[in-house]
Structure formats: structure tokens, C-alpha cells
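Q: Please take a close look at one helix and its surroundings. Start where that helix ends, then work back through its packing.

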Amino acid sequence: MEALLSAFWALVAPVNLAILIGGTAAGILVGAMPGLGSVLAITLALPLTFVMSPEPSIALLLGLYAGSVYGGSLSAILINTPGTPQAAATVFDGYPMMQQGKGDLALGWATIASVTGGLISTVVLILAAPLLARIGLRFGPIEYFALGLFALTCVVSVSRGDLLKGILACLLGLLVATIGQDPLTGDVRLHFSSFNLMAGIALVPFLVGLFALSEVFWRVAENAAPAARPVAHTGFRFPRLADVAGRWRVFAKSALIGTWIGTLPGVGATASSMVSYAEARRSSPNRDNFGKGEPDGIIASESANNAVTGGALVPTLSLGIPGDPITAVMLGALIIQGITPGPRLFVENADLMIFIFAALFIVNLALLGLGAVMGPIFARAIRAPEPVLLSLILVLLAIGTFSVNYTGFDLLVMLVAGLAGFGMRLLRFPLAPVVIGFVLGPMIEQSLRQGLVLSRGNFLNFFQQPIALSLFIASALFLGWSVWRHLREARIAKHKEGPA
């Protein structure tokens, strides 16, 4: 009880509360700027924690963490550009809603989903941190490979128009992901004698170019041949309570998926949003509307990627193992403060643990108000004349991309990816499968090869692991059902065209 009261008074202290809310607002701003992201936000704030006591420094970092993950959805919805890699799946349905004039409602869905995912993951963190950490440690390379394959099946979901084009686009993403060093041997692949390519293709410039720059090119091409510009509601609107209640299963399932994947060290929020999106597309009664502006798609992505914030803290706090690069930086901040994460942390610093749990609750609740205030500000920005808006977006994309590694090569990657994305749009190739393949490719390749090393080259051993076997079966069932459904729809369409 003494630890609980101490944590409560520390949290409601005006300075700590102001830092918590200010850090959340700053995180939203950074997350909404394409190319910056959560790691940069926390890294820039890290020097400030040197002169702070543990409570305000942790409040600042948690606010930046949760705020930046949510902020990525703003630009994903408004300008078809994921502000952070975690929001890549939000683009699939968020921007189509924007084009339909429902951008205000899309922002509302993203905010509700982010808050719900964050709160659920915080509850899970409080109640089941030791248990989830132990489950996460049971995931080896074979289980990671099975998980990656399951997530890869969502390519079928986002390739309804032409399954072959979707598969080819996914293969392109997988191919690009192999550029650079071999994860096991260190051999350099597909570098074409370029020193810059030896390090591989960075995620941020590739994503920014493929989605955002290609969108700029597309808008310019549309202006060359005048067309009606989509009318967008530039405010912010929460969905009706009845609509939210009717989708509670999507909220809960996506948040639990995000929390679970967050406990797996090294996987991260980007993969969790893809896995959650694939599962939502498989089980949603509105599956036919995915990719066209379906709220379930936004809910799945945003609930999962924000739930990772709590899930990733499970191994970080319980075992001292960072769940993703962001919590790795936070782990360093705790050590700087003289706090050593691990099993003894809950005993030796009980008041600090309670403070972290309570701070996560406040941060996620603050997203409701801050999202409603800051969302319309970004939404109104797009009401500027299109040439001005496109020019501003182009400048922000260049600045954001360059600021990641401070290298001109990233700008070249962004340009090439933008031209490739524009060409794919012209040829009616879906862009989402490219991102899915690129994001999941490294995890699938590395875990497959590590698993083969552990099994001495015997792939049949993969099916002897219960968790992996369950994921393989789920992948096969979903893939078979999706292909059968695709072929059936093709036959029906052909039959309808026959009499004509």
C-alpha cells in the first residue's frame, strides 16, 4: 500500500503530469512526420533524462513512445504515408476512407483503436507480465518462421483484384529485402558493386518512396489530366458508440495479438500490425471491403501496433530483454537512472513499477483528447491548394528521409521506390503486398535458416514443434480457403459475362 500511494503521488505531481502529457503530444507530432519515428523521438529525448529523476524521465519516454506510435496513423490516413513503419497497415484502409470523404471518421477510428489497444496491453502487462515473458521465451527460430508465414498469407487478402499481381508484388518486396548482408554468413548479396547497397535498403526511405512519393507523382499526373479532387471532411469525428460496441471482437483480438507479439523480443509493432490485419481480414464479416476503406482494417492495425507498447515492456521489465529497438533505448535510460530491469525489479522498485503501469494508463487516455485536438490540425493542413500541399509534402518527405541516417543514398532509395510505386500504380499492381514482403522477409529468412541450422537441415523437424505446427495449419487453412474463394468468384464473374 505504501508503494501504491508513493507511485500515485509521484504521478499526480504537476511537473510529472505535464511532462507525461507534453511528451505524448510531442510523440504524436514526431510520429506524424514521415521518416522520423519512435526511435528518433526517444533517442533525442534521452539526453534530457540525464538531469531528471527516474519518474519524470520514464513519464517522458512513455509519452513519446505511445504518442509516436499513434501519430503515425495521422499521416497514414491523411496523405497515404505511414508516419512510422508501425502504421504501414493503416494505410490500406485509412487512406481509402479519406478519399471517400470520411477522413474525420477514419481519424476517430484510429484514435479509439489506439487507446483501446494501449489500455488492454497495459492491463495484460500488469496482470501477466511474468507469464507472458516466459511464453515469449518459448518462441525460437522455428516459431518465428511459422509466425512470419502466417502473416504473409495476408497478401491474398489485399490482392483481391488480381491474385497473380499481388503475389508478384510480394515477391518483389521479399527480393528487395534480401539486398545487403546475409544475416547468418555476412556475405553481401545483390549489391552490384555499390558500397551503399551493402548495408541493405532501409525501411523508412523505401516505405516513404513507395507510398508517399508515388502518391505525389500520381497526384501530379492526375492534375495534368484534370479530374475531380476527393472531398474530405477535415475535422475529427469519433464513431458512434453502437458502431464501436459492434466491433468489440476486432478490438479485443487485435489488441491481444499486438500484446502477445510485443512480448516476443525483436519482432516489433510493424510485424504485429501485419499479423493482426491478416487475422482481421480472415475473420471479419466485412472482409470484402478490406482495402476499400473498412474500419476493421484500421482497428486491426492501430489496436495491434499500440498494444505492442505494453507488450514490449513485458520482457524489458521482467527479464531485461528489450522487446523492440524502442524499448532497447528505454532499457538504456533505466540503466542510466541506476535501475536494473529483471526479476528483482518488481521487488526492489515496486513503487516505480506501479508508476510505470499508472503512467501507461494516463498516456493512453491522453491520446483521446490529444488525438481529437491534433488530428483536425493535420487534417486542415491538407485543405491548402494542391500544388502547395504537394510541394510541402515533398519537402517534408525529403527532410524526414534524410534525417534517419543523414545520407543522400536514402534520398535516392526514396526516389527509386517512388518511381517504382508510380509504375506499379499505372500497371494496377497493389502496393501493400510489396510492403508486407519487405517487412516480413528478413524475419522469415533469418528464422528459417536458423531453424534449419538447429534441425541440422531437416525441415520435417519444423512440424514437430506444437506452436509452429498450429501456425502452419492455420496458414494452410486460410490460404486454401482464400484461393478457393478467389477461384469461385472468378468463375461466377465469368459465368455472368457468358450470356452477354
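A: Gly 101 does, with a phi of about 85° just after α5. The model is predicted, so local features need pLDDT of at least 70 and side-chain atom pairs pLDDT 80 or more, while totals for chains, interfaces and linings use all residues. Numbering runs from 1 along each chain as its sequence is written, and side-chain values use heavy atoms, without hydrogens or water.

Now the helix itself. α5 spans residues 90-99. Helices here are DSSP runs of H or I with at least four residues, strands are E runs of at least two, and both are numbered from the N terminus. The protein has 21 helices and two strands.

Nine of the 10 residues of α5 are buried, so the rest of the structure largely encloses this helix. Buried means under 20% relative accessible area, exposed means over 50%, and partly exposed is in between (1.4 Å probe, protein chains only). The buried set runs Thr 90, Val 91, Phe 92, Asp 93, Gly 94, Tyr 95, Pro 96, Met 97 and Met 98. Across the protein, 54% of the 500 residues are buried.

Asp 93 deserves a stop. Asp 93 sits in α5 and counts as buried because its relative accessibility is 0%. A polar atom of its side chain lies 3.5 Å from the backbone nitrogen of Lys 292. A polar contact is a pair of N or O atoms within 3.5 Å; within protein, one must be able to donate a hydrogen and the other to accept it, and residues adjacent in sequence count only if both atoms are side-chain atoms. Contact in general means heavy atoms within 4.5 Å. Leaving aside neighbours within four places in sequence, Asp 93 is in contact with Tyr 277, Asn 289, Phe 290, Gly 291, Lys 292, Gly 293, Glu 294, Gly 297 and Ile 298.

Next, the packing of α5 on α4. Two packed helices are described by the angle between their axes and the distance between the axes. Axes are lines fitted to C-alpha atoms, for helices over the stretch in contact, with angles from 0 to 180 degrees between N-to-C directions. α4 and α5 pack at about 50°, and their axes are 6 Å apart. The two helices are therefore oblique to each other. Angles under 35 degrees count as roughly parallel, over 145 as roughly antiparallel, 65 to 115 as roughly perpendicular, and the rest as oblique. α4 passes α5 in a right-handed crossing. The crossing is right-handed if the near helix is turned clockwise from the far one by less than a right angle, and left-handed if anticlockwise.

The contact has two sides. From α4 come Ser 73, Ala 76, Ile 77, Leu 78 and Ile 79, which meet Thr 90, Val 91, Gly 94, Tyr 95 and Met 98 of α5. By class, that contact holds seven nonpolar, three polar and no charged residues. Ala, Val, Leu, Ile, Met, Phe, Trp, Tyr, Cys and Pro count as nonpolar, Asp, Glu, Lys and Arg as charged, and the others, Gly among them, as polar.

α4 (residues 54-79) also packs on α2 (residues 14-32): their axes come within 6 Å and cross at roughly 30°. That makes α2 roughly parallel to α4. α2 passes α4 in a right-handed crossing. The contact of α2 with α4 has 11 nonpolar, 11 polar and one charged residues.

Thr 24 lies in α2. Thr 24 counts as buried, at 0% relative accessibility. Beyond four places in sequence, Thr 24 is in contact with Gly 63, Leu 64, Gly 67, Val 363, Leu 367 and Leu 370.

Pro 54 belongs to α4. Its relative accessible area is 23%, so Pro 54 is partly exposed. Not counting residues up to four places away, Pro 54 touches Gln 337, Ile 339 and Leu 352. Pro 54 and Gln 337 are 283 residues apart in sequence, yet 6.1 Å apart in space, C-alpha to C-alpha.

Back to phi. Most residues other than glycine have a negative phi. Tyr 406 has a positive phi of about 55° although it is not a glycine. Tyr 406 lies in the loop between α18 (386-405) and α19, and is exposed at 59% relative accessible area.
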